[in-house]
Amino acid sequence: MEIVIANKSHTKYAEIICETIAESAKVRGTGIAKRTPEYISGKMKNSNAVIAIDGDVFAGFCYIELWGHGKFVANSGLIVHPDYRGKGLAKKIKHKVFEHSRTKFPDAKVFSITTGLAVMKLNSDLGYKPVTFSELTDDQTFWDGCSTCQNYDVLTRTNRKMCLCTGMLYDAKTKEKKGSKKIKEKVFKRLKHIKETMFLKKDKK
């Protein structure tokens with residue numbers, strides 16, 4: 001198994017990556033923004049992605065997005081093929097793309113929005129902290145990307161103040177001053193339950 005910074009030679013996997021992301025969204029029943037093979041290929045060509053390959057078989061992927069004129073970086077689209085789940089691969093990919101982001105864009109704050117408890121835990125282990133959406137990028141293009149998510153109506157009706165996703169932020173400068181304290185998984189579970197109760201039940205009425 002290799003986990004490497006993606007390049008032009010990996011564009012042949014763009015189609016299966018998009019299919020895997022789409023299928024994961026269906027299974028989870030939560031929002032994952034759709035991406036095209038062309039978009040994924042562009043990330044690979046610009047060395048803004050990390051891919052896991054088992055021989056010639058696709059195993060996992062995550063890409064980098066730059067927002068707010070370089071002030072923010074997001075590690076997005078973290079996905080592991082079903083055949084390779086439950087083996088700790090997501091954590092390895094997350095660490096790899098995080099390190100790559102910090103090296104390539106050292107002055108940027110790294111942020112994430114996710115509904116996945118596993119991703120929240122990975123983020124917390126890396127030093128991310130839960131924040132309000134107002135502390136994330138105000139780049140309209142980023143938020144427009146959420147329009148393909150099935151929960152987009154929640155985001156719009158709250159005037160982009162909250163959604164089922166949790167915003168998390170890694171700020172190296174703040175971390176150095178205050179230190180880092182990991183957040184327990186039960187806190188994230190409680191937060192997710194509160195949001196689902198607030199928004200999903202309203203939709204069913």
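Where in the structure do Lys 121 and Asp 125 both lie? Both belong to helix H4 (residues 117-126), four residues apart, about one turn of the helix. The legends below concern a predicted model, in which local features need pLDDT of at least 70, side-chain atom pairs count only at pLDDT 80 or more, and totals for chains, interfaces and linings use all residues. Residues are numbered from 1 along each chain as its sequence is written, and side-chain values use heavy atoms, with hydrogens and water left out.

**View 1. The salt bridge between Lys 121 and Asp 125 in helix H4.** A salt bridge is a side-chain nitrogen of Lys or Arg within 4 Å of a carboxyl oxygen of Asp or Glu; the count by this rule is four. The closest N and O atoms of Lys 121 and Asp 125 are 3.1 Å apart. Helices (H or I, at least four residues) and strands (E, at least two) are DSSP runs, numbered from the N terminus. Lys 121 is partly exposed at 30% relative accessibility, and Asp 125 is likewise partly exposed, at 25%. Here buried means under 20% relative accessible area, exposed over 50%, and partly exposed in between (1.4 Å probe, protein chains only).

**View 2. The salt bridge between Arg 35 and Glu 65.** The closest N and O atoms of this pair are 3.5 Å apart. Arg 35 lies in the loop between helix H1 (14-28) and helix H2 (37-45) and Glu 65 in strand E3 (residues 57-67), so the pair ties together parts that are 30 residues apart in sequence. Glu 65 is buried, its relative accessible area being 2%.

**View 3. The salt bridge between Arg 157 and Asp 153 in helix H6.** In this pair the closest N and O atoms are 2.7 Å apart. The two residues are four apart in helix H6 (residues 152-157), a separation of about one helical turn. Arg 157 is partly exposed, with a relative accessible area of 38%, and Asp 153 is partly exposed, with 34%.

View 4. A pocket is an open set of points on a 1 Å grid over the protein atoms alone, where a 1.4 Å probe fits, with protein on both sides within 12 Å along at least five of seven lines; lining residues have an atom within 4 Å of a point. Of its 19 lining residues, the closest to the centre are Val 80, Arg 85, Ala 90, Ala 118 and Val 119. H4 gives the most to the lining, with four residues.
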